[in-house]
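Dear colleague,

Please find below the structure that I am handing over to you. My notes on its ligand site and salt bridges follow.

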Amino acid sequence: MRVLGISGSLRSDSSNHALLRAIPQLAPDCTVVIYDGIAALPHFSPDRDVEPAPSEVARLRTLVREAEALVVSSPEYAHGMPGSLKNALDWLVSGVEIAGKATLVWSASPSGALHAHPQLLEVLRTMSADVLLEGALQVTSARRAFAADGRLVDEDLGRTLAESLGRLRQRLAAPP
Ligand code: FNR
C-alpha cells in the first residue's frame, strides 16, 4: 500500500507524526510518505483557488493523487481540529484528488480528540473521501507509546493500529 500520511500537528516531537512514522513497522507491505508542507501552505481563499494553484497546493494535490490511501492523524486544540489541518483540507475541496480516496483517521490527544475526531470525520466525508469509519481510532496513549529511538513499543496500541491498517488493506482490495 502506498500511503500518504498527513499530520495535524506541527510540533517537533508530535505523537501524531510518530504514529504515521510507525506505519511501516506495523504493516511491512506499506510505504508511507508523510506530507511535510502543511506550514508552507497559504491561507485558503477561493480567490487563490484558481489555476495555476500556488506551488505548495499543487504539490499537496499531486501527493494526494499519487497515494493509494490517506492516513490523517491529528490532535485536538480547544475542542477542534488544528486550523493548519483544516486549511490544508480546504485546499483539497475543489479538486478531484481526495474524492473516493480510502482514508483512515487517527486522532491522538489526551481526550482522544473527543470533539475534533468526529469533526474531522465529518469534514472528510463532506469532501467525498472514502472514510473508513470502522478503522477510525481515538488514541489517548500515544505520548507514552514510543521508545527514545521512535519505535512504537506499546503492544496493545500497535495491535490496534495494525488492525486499522488491515481495514485499509481490505478496502483497497475490495473498493466500495
Ligand atoms: C491542547 N490539547 C488538547 N487536547 C485535547 O484532548 N483537547 C483539547 O481541547 C486540547 N486543547 C489544546 C489546546 C492547545 C493550545 C494545546 C497546545 C494543546 C493537547 C494536545 O491535543 C496534545 O498535546 C496532543 O498530544 C498534541 O498532539 P501532538 O503534537 O503530540 O501530535
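**Salt bridges and ligand site**

The side chains of D90 and K86 form a salt bridge with an N to O distance of 2.8 Å, the term meaning a side-chain nitrogen of Lys or Arg within 4 Å of a carboxyl oxygen of Asp or Glu. D90 and K86 are four residues apart in helix α4, and therefore about one helical turn separates them. Helices here are DSSP runs (H or I, at least four residues) and strands likewise (E, at least two), numbered from the N terminus.

Please note that this is a predicted model, in which local features need pLDDT of at least 70 and side-chain atom pairs pLDDT 80 or more, while totals for chains, interfaces and linings use all residues. Residues are numbered from 1 along each chain as its sequence is written, and side-chain values use heavy atoms, without hydrogens and water.

In the whole structure, ten salt bridges are found. One of them joins E97 and R65 at 4.0 Å, N to O. This pair links distant parts of the chain, 32 residues apart: E97 lies in the loop between α4 (83-93) and β4 (102-108), and R65 in helix α3 (residues 55-66).

Turning to the ligand, 15 residues surround it, the closest being S9, S14, S15, S109 and S111; a residue counts as near if one of its heavy atoms lies within 4 Å. By class, this shell has five nonpolar, seven polar and three charged residues. A polar side-chain atom of S14 lies 2.6 Å from an oxygen atom of the ligand. For H79, a polar backbone atom is 3.0 Å from a ligand oxygen atom.

With kind regards

How values were computed. Polar contact = N/O pair within 3.5 Å; in protein donor to acceptor, adjacent residues only side chain to side chain. Nonpolar A, V, L, I, M, F, W, Y, C, P; charged D, E, K, R; others polar.
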